[in-house]
Amino acid sequence: ISVGVHNKHADCVATEICSDAKSVDFSVNYDGETARVHLNCPGEHNVYNAMFAFVTGKMKGMDTSDIVKGLADYRPMTVRQKTYHTLGKTLYVDCFNASAKSVRAALAVLRSIQPKHRRVAVIGDIAEIEGYEEETYRQIAGDISASEVDFLITYGTESWRIWNYLNEEIERIHFYEEKELIAYIKKTIRFGDVALFKASGVMNLEHVVKRVYPITYNLTRIPYRIRTLKWLLRTV
């Protein structure tokens, strides 16, 4: 079973896609049926994920209305593709893990959000790419150049390689130490900015977000804690 957004000959096709900073709506067309789907997470890559889930549900005999409801009930957790609004700033936090492709998807979301001031990308090291460092960071640099990023902040021992392949002059700065990165973000990301936080989990960008925006971070942890509590109550 194939799914497609740009390939209209796929078995399952998404049309009429509407996306904003927090969500995406689209029509899914499969096996002679059309249904409207709402996802509480942005990005074309999540449209693909949802279509595969839709097809899987249909193959298992589920009612379309139940599938649509299940997809609408999905919420990304903590640092997985989460959009925060805090003090006039929009944060897109996706730093549970990373690869070249997931950085591209995150940058596409950043580009889709219209800022009042600047688009800021905070990109940390990508782990587990030994032997492919140059290829990976070259691809990320190309995606940054295509994503209308106004200001680039790189962090770690490897992500500076991105600088070697940028095709245009983008304001940029690099940090090796977390403490210095936190202090800089606190004074630099301003009202009207849209900021992406993306890196492999070993870089612990989640801790950076928590330190810079503690109230916002802890408020978004509440649904996760409630779900964890419900799961624990079911297992005892």
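Colleague: Asp143 first: is it buried or exposed in this model?
Modeller: Asp143 is buried, with a relative accessible area of 11%, where buried means under 20%, exposed over 50% and partly exposed in between (1.4 Å probe, protein chains only). This is a predicted model, in which local features need pLDDT of at least 70 and side-chain atom pairs count only at pLDDT 80 or more, whereas totals for chains, interfaces and linings use all residues. Residues are numbered from 1 along each chain as its sequence is written, and side-chain values use heavy atoms, with hydrogens and water left out.

Colleague: Which residue forms a salt bridge with Asp143?
Modeller: Arg104 does, and the closest N and O atoms of the two are 3.1 Å apart; a salt bridge here is a side-chain nitrogen of Lys or Arg within 4 Å of a carboxyl oxygen of Asp or Glu. The pair links distant parts of the chain, since Asp143 lies in helix H4 and Arg104 in helix H3, 39 residues apart; helices (H or I, at least four residues) and strands (E, at least two) are DSSP runs numbered from the N terminus. Arg104 itself is partly exposed, at a relative accessible area of 43%.

Colleague: And how do H3 and H4 pack?
Modeller: H3 (residues 100-112) and H4 (residues 133-145) pack at an angle of about 10°, with their axes 10 Å apart, and they are therefore roughly parallel to each other, a label used for angles under 35 degrees. Ala100, Lys101, Val103, Arg104 and Leu107 of H3 meet Thr136, Gln139, Ile140, Asp143 and Ile144 of H4, contact meaning heavy atoms within 4.5 Å.

Colleague: Switching topic: how many salt bridges does the whole structure have?
Modeller: A search of the whole structure finds 10. One of them joins Asp73 and Lys69, whose closest N and O atoms are 2.9 Å apart; because these residues are four apart in helix H2, about one helical turn separates Asp73 from Lys69. Asp73 counts as partly exposed at 41% relative accessibility, while Lys69 counts as exposed at 52%.

Technical notes. Axes are lines fitted to C-alpha atoms, for helices over the stretch in contact, and angles run from 0 to 180 degrees between N-to-C directions. Angles under 35 degrees count as roughly parallel, over 145 as roughly antiparallel, 65 to 115 as roughly perpendicular and the rest as oblique.
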